[in-house]
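Subject: Structure handover

Dear colleague,

Here is the structure you will be taking over. Please read the notes below with it open.

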Amino acid sequence: MSFMLIQTPDPLTLRDALPNFSKTTHIFLPINDCINPSMAEGGSHWSLLVVSVVDGVAFHYDSLNPANKDRAITTSKKLSILLGKELQFMDLQDSPQQENGSDCGVFVCVQMKHLLMRKLLSANNREKINMSMGGKNIDAAHGRKDMLKVIEGFRKEGERRRS
């Protein structure tokens, strides 16, 4: 979705292709640095943009900060037009940083899980949620193992349903 937003001059033309966000509280958007629309597999870095539609804030988590900041800002501006709502962009400087050039996708997945499970779904309606990832250590090897467990679970579920 972020790639479509970046590549489309008028984001309102995407309304029919995207979900209705009228009852959405948060949108999780992986951001890729690919600039060539003819290369679906292009790009070399992923980061995460989490938009709190309710609060009008777009939080950017980049494990190679500021590698994807410009792409995230552009996505945030276009999403703002699509939502018909002003979004304040926040580049979270305290995002956990990767130590190599290959863990960005794992970082995005682990951050999504942490923000959803440990922050958003565990909060009550009235409290303000701290969206900072400051102090959170990400173990990429453990994250990869967790993703493999999820994939294996889906594979087994698929086999069970087919038999």
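A residue counts as buried under 20% relative accessible area, as exposed over 50%, and as partly exposed in between, with a 1.4 Å probe and protein chains only. By that rule, 39% of the 163 residues of the chain are buried.

Two points on provenance. This is a predicted model, in which local features need pLDDT of at least 70 and side-chain atom pairs count only at pLDDT 80 or more, while totals for chains, interfaces and linings use all residues. Residues are numbered from 1 along each chain as its sequence is written, and side-chain values use heavy atoms, with hydrogens and water left out.

Overall fold

The chain has 4 helices and 4 strands, and their order from the N terminus is α-β-β-β-α-β-α-α. Helices (H or I, at least four residues) and strands (E, at least two) are DSSP runs, numbered from the N terminus. The radius of gyration is 17 Å, close to the 15 Å of the globule rule for 163 residues, so the chain is as compact as a globular protein of that length. That radius is taken over C-alpha atoms, and the rule is 2.2 Å times the number of residues to the power 0.38. Along the principal axes, the C-alpha atoms fill a box of roughly 45 × 35 × 35 Å.

Contact here means heavy atoms within 4.5 Å. Of the contacts between residues at least 6 apart in sequence, 62% join residues at least 24 apart.

Surface and charge

Two histidines

His 60 lies in strand E3 (residues 57-61) and is buried, at a relative accessible area of 0%. Its side chain makes a polar contact of 2.8 Å with the side chain of Asp 91. A polar contact is a pair of N or O atoms within 3.5 Å; within protein, one must be able to donate a hydrogen and the other to accept it, and residues adjacent in sequence count only if both atoms are side-chain atoms. Beyond four places in sequence, the residues in contact with His 60 include Ser 47, Asn 68, Phe 89 and Ser 95.

His 45 sits in the loop between strand E1 (26-32) and strand E2 (46-52). His 45 is also buried, at 4%. Its contacts beyond four places in sequence include Asp 33, Asp 62, Asn 68 and Cys 104.

Loops

Most peptide bonds are trans. The bond joining Asn 65 and Pro 66 is cis, with omega about 10°. Pro 66 belongs to the loop between E3 and H2.

Val 53 is in the loop between E2 and E3 and is buried, at 11%. Among its contacts beyond four places in sequence are Thr 24, Ile 27 and Leu 83.

Lys 77, in helix H2 (residues 69-83), is exposed at 57% relative accessibility. From Lys 77 to Arg 15 the C-alpha distance is 15 Å, at 62 residues apart in sequence. Met 117, in helix H3 (residues 104-120), is partly exposed at 45%. Met 117 and Met 147 are 30 residues apart along the chain, and their C-alpha atoms are separated by 15 Å.

Regards
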